[in-house]
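Please read it alongside the sequence and the coordinates shown here.

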Amino acid sequence: MKRLTEAHLQKLEALKKERFLLECVEKLDRLAIKDAFPAKREDYYAFAEHIYKIAMKHDLKSKQAIFTLMLAWHIKGDAIIQDQGFMQVLNHPSLTSAQKKEYFEKFIFDTIPQEEEA
């Protein structure tokens, strides 16, 4: 029986990451959010990969937290960088991944226009 080498483990991790990113792209596409960023579906994978790198840099550990960050960025676009509150939370070293995810969820709900009751 062959033993898994470090190279095998790195390939496995790369495949897991790729699968996750493809799942994120599929979810973003299914949501079909009007005026979302990026505008073209063919740009979604590069976008997802970029946000994944940002998430890793800011120590987001769970897939849910990473996707929530991705969704917030998808809805708000690059204008999100100008949102000081959002960026402070993203850059805050003592907040956990779960705390950041909770803030991102609130940000999403506050950003999406609510339907007015008739």
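Lys16 counts as partly exposed because its relative accessibility is 47%, and in this predicted model Lys16 forms a salt bridge with Glu13, the closest N and O atoms being 3.7 Å apart. Glu13 is likewise partly exposed, with a relative accessible area of 47%, and because the two residues are 3 apart in helix α1, Glu13 and Lys16 are separated by about one helical turn.

- Lys61 and Asp59 form another salt bridge, in which the closest N and O atoms are 2.7 Å apart; Lys61 counts as exposed at 62% relative accessibility, whereas Asp59 is partly exposed at 46%.

**The loop between α1 and α2**

- Pro38 is placed in the loop between α1 and α2, and the peptide bond that leads from Phe37 to Pro38 is cis, with omega near -10°.
- Ala32 is found in the loop between α1 and α2, and phi of Ala32 is near 45°, a positive value in a residue other than glycine.
- Ala32 is classed as exposed because its relative accessible area is 59%, and the cut-off for that class is over 50%.

**The loop between α2 and α3**

- Asp59, the salt-bridge partner of Lys61, is found in the loop between α2 and α3 and has a positive phi of about 60° although it is not a glycine.
- His58 is also placed in the loop between α2 and α3, and His58 is buried because its relative accessible area of 13% is under 20%.
- The side chain of His58 reaches the backbone oxygen of Leu90 at 3.2 Å.
- When residues up to four places away in sequence are not counted, His58 touches Leu90, Asn91 and Lys100.

**The nonpolar core**

- The largest nonpolar core has 30 residues, and those with the most contacts inside it are Leu69, Met70, Trp73 and Phe86.
- The elements that give two or more residues to this core are α1, α2 (44-57), α3 (63-76), α4 (84-91) and α5 (97-111), and among these α3 gives the most, with 9 residues.
- Met70, one of the core residues with the most contacts, touches Leu21, Cys24, Leu28, Phe47, Ala48 and Ile51, with residues up to four places away in sequence left out of the count.

**The nonpolar surface**

- Leu4, Leu9 and Leu12 make a nonpolar surface patch of about 280 Å².
- Leu9 has its place in helix α1, which covers residues 6-31, and Leu9 counts as partly exposed because its relative accessibility is 37%.
- The accessible surface of the protein as a whole comes to about 8,600 Å², of which 53% belongs to carbon and sulfur atoms.

**Overall architecture**

- The secondary structure of the protein comes to 5 helices and 0 strands, and read along the sequence the pattern is α-α-α-α-α.
- Along the principal axes, the C-alpha trace of the protein spans about 65 × 35 × 25 Å.
- Buried residues make up 32% of the 118 residues in the protein.
- Among contacts between residues at least 6 apart in sequence, 56% join residues at least 24 apart.

Conventions
Residues numbered from 1 in each chain as written. Predicted model: local features only at pLDDT ≥ 70, side-chain atom pairs only at ≥ 80, totals over all residues. Heavy atoms only, no water. Patch = residues over 30% accessible without salt bridge, like charges linked within 9 Å, V, L, I, M, F, W, Y side chains within 5 Å. Areas by Shrake-Rupley, 256 points an atom, 1.4 Å probe, with all protein chains shown as cover. Salt bridge = Lys/Arg side-chain N within 4 Å of Asp/Glu carboxyl O. Helix = DSSP H or I, 4+ residues; strand = E, 2+ residues; numbered from the N terminus. Buried < 20%, exposed > 50% of the residue type's maximum accessible area, 1.4 Å probe, protein only. Core = buried A, V, L, I, M, F, W, Y, C linked by side-chain atoms within 4.5 Å. Contact = heavy atoms within 4.5 Å. Polar contact = N/O pair within 3.5 Å; in protein donor to acceptor, adjacent residues only side chain to side chain.
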